[in-house]
Amino acid sequence: MTTLVASFPSPPQGVWHLGSLPIRAYAMFIVAGIVAALLIGNRRWIARGGEPGVVYDVAIWAIPFGLIGGRLYHVITDWRTYFGNDGLGLDATLRIWDGGLGIWGAVALGGVGAWIGCRRRGIPLPAFGDAVAPGIVLAQAIGRIGNYFNQELYGRPTDLPWGLEIYYRRDPSGVVDVHSVDGVSTGQVAQVVHPTFLYESLWNALVFGMLIWVDRRFRIGHGRLFALYVANYCVGRFFVELMRSDAATQIAGIRINSVTATLVLIGALIYFFIAPKGREELAISATGEAQATQDAAVSRDDSAVRAESGVDSGRAAPADKGLASGDAKTPDYGRNSQSEKPGG
């Protein structure tokens with residue numbers, strides 16, 4: 001008789017040590033997601049007619065801004081964890097490796113960084129956003145695996161076959177807690193829950209595939225593909241939030257992430273429908289006004305040279321007046337015709 005698996009286990013730990021150096025699974029998956037996003041974004045940017053390496057240049061600005069924005073959003077919306085009674089304190093707000101990045105803040109402030117990078121390179125931000133959108137949502141799918149190792153972002157208890165086993169963990173100081181990021185599993189199951197991090201990861205992977213298909217099928221641009229990414233992510237995140245049971249800041253009894261997802265979804269849809277249709281010519285727009293100015297200068301110099309040499313677009317040079325008027329100079333064979341007649 002075959003017995004169905006009633007649940008699957010969490011990893012026994014999320015941190016390993018090489019001497020005094022901690023190797024954190026959460027950080028590794030975040031980095032892996034960023035690398036994947038950069039590689040995919042650069043390839044897509046080149047395919048759209050952009051200059052190779054531009055994505056990496058812009059990322060120098062976008063990634064730090066995104067990490068700061070993601071952390072700020074998490075701390076602000078979960079301030080009780082840090083500043084409430086028995087809170088973790090101000091120093092804990094800096095321990096980004098313990099988990100806690102709000103995607104809304106990451107996209108918002110990361111967008112500011114991308115805008116700065118695009119301005120410095122003279123490229124349009126909407127086109128850049130369309131190129132990197134699929135890579136960003138794939139990075140989110142990869143990063144969510146880090147939450148699995150941290151035993152976080154899970155949902156309510158369930159008896160479904162794919163329920164996730166949450167274990168008690170003992171941290172280096174001997175304290176036993178299910179929320180210990182640095183701890184090691186005791187082997188004792190605390191509860192079986194919905195793996196909401198997995199639901200979101202799978203949804204993000206589906207959105208990645210959908211964006212690739214839509215971009216190839218309809219060739220949309222002007223930031224509309226990025227808006228489509230944001231809208232679809234918000235839909236998935238809204239339903240995932242309904243399954244979560246961890247403490248969270250609420251507005252009118254609704255989890256703040258659900259409220260944020262709804263508002264951002266509306267904004268993304270409005271942008272998608274009012275933005276210009278079709279796809280911009282990246283090879284032209286990427287050069288910007290500087291290229292147009294350079295072309296105009298070359299044209300003026302060329303006209304000056306032509307005028308100085310007597311060659312104009314509508315007038316031939318004086319030396320060639322006869323040729324220009326159609327009076328071509330031909331040999332006058334008739335002048336010596338008598339002496340050249342045969343048989344004289």
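This is a predicted model: local features need pLDDT of at least 70, side-chain atom pairs count only at pLDDT 80 or more; totals for chains, interfaces and linings use all residues.
## Basis

Local features need pLDDT of at least 70 and side-chain atom pairs count only at pLDDT 80 or more, while totals for chains, interfaces and linings use all residues. Residues are numbered from 1 along each chain as its sequence is written, and side-chain values use heavy atoms, without hydrogens and water.

## Helices α7 and α8

Helix α7 spans residues 224-243 and helix α8 spans residues 256-274; helices are DSSP runs of H or I with at least four residues, and strands are runs of E with at least two. The two helices pack at an angle of about 155°, with axes 8 Å apart. The angle is taken between N-to-C directions, from 0 to 180 degrees, using lines fitted to C-alpha atoms over the stretch in contact. α7 is therefore roughly antiparallel to α8 (an angle over 145 degrees).

Residues of α7 in contact (heavy atoms within 4.5 Å) with α8 include L228, V235 and F238. Among the α8 residues they meet as a group are A261, L265 and F272. By class, this contact has 14 nonpolar, three polar and three charged residues.

Strands β2 (residues 15-18) and β3 (residues 21-24) run antiparallel and are joined by four bridges; pairing requires at least two DSSP bridges. V15 has R24 in β3 as its bridge partner. Two residues lie between the strands, and G19 in this hairpin takes a positive phi near 70°.

Most residues other than glycine have a negative phi. Q151 has a positive phi near 55°, and L153 has a positive phi near 60°. Q151 is in the loop between α5 (125-150) and β4 (163-170), and L153 also lies in the loop between α5 and β4.

Q151 counts as buried because its relative accessibility is 2%, under the 20% limit. L153, at 24%, counts as partly exposed (between 20% and 50%, with a 1.4 Å probe and protein chains only).

Conventions:
Angles under 35 degrees count as roughly parallel, over 145 as roughly antiparallel, 65 to 115 as roughly perpendicular and the rest as oblique. Ala, Val, Leu, Ile, Met, Phe, Trp, Tyr, Cys and Pro count as nonpolar, Asp, Glu, Lys and Arg as charged, and the others, Gly among them, as polar.
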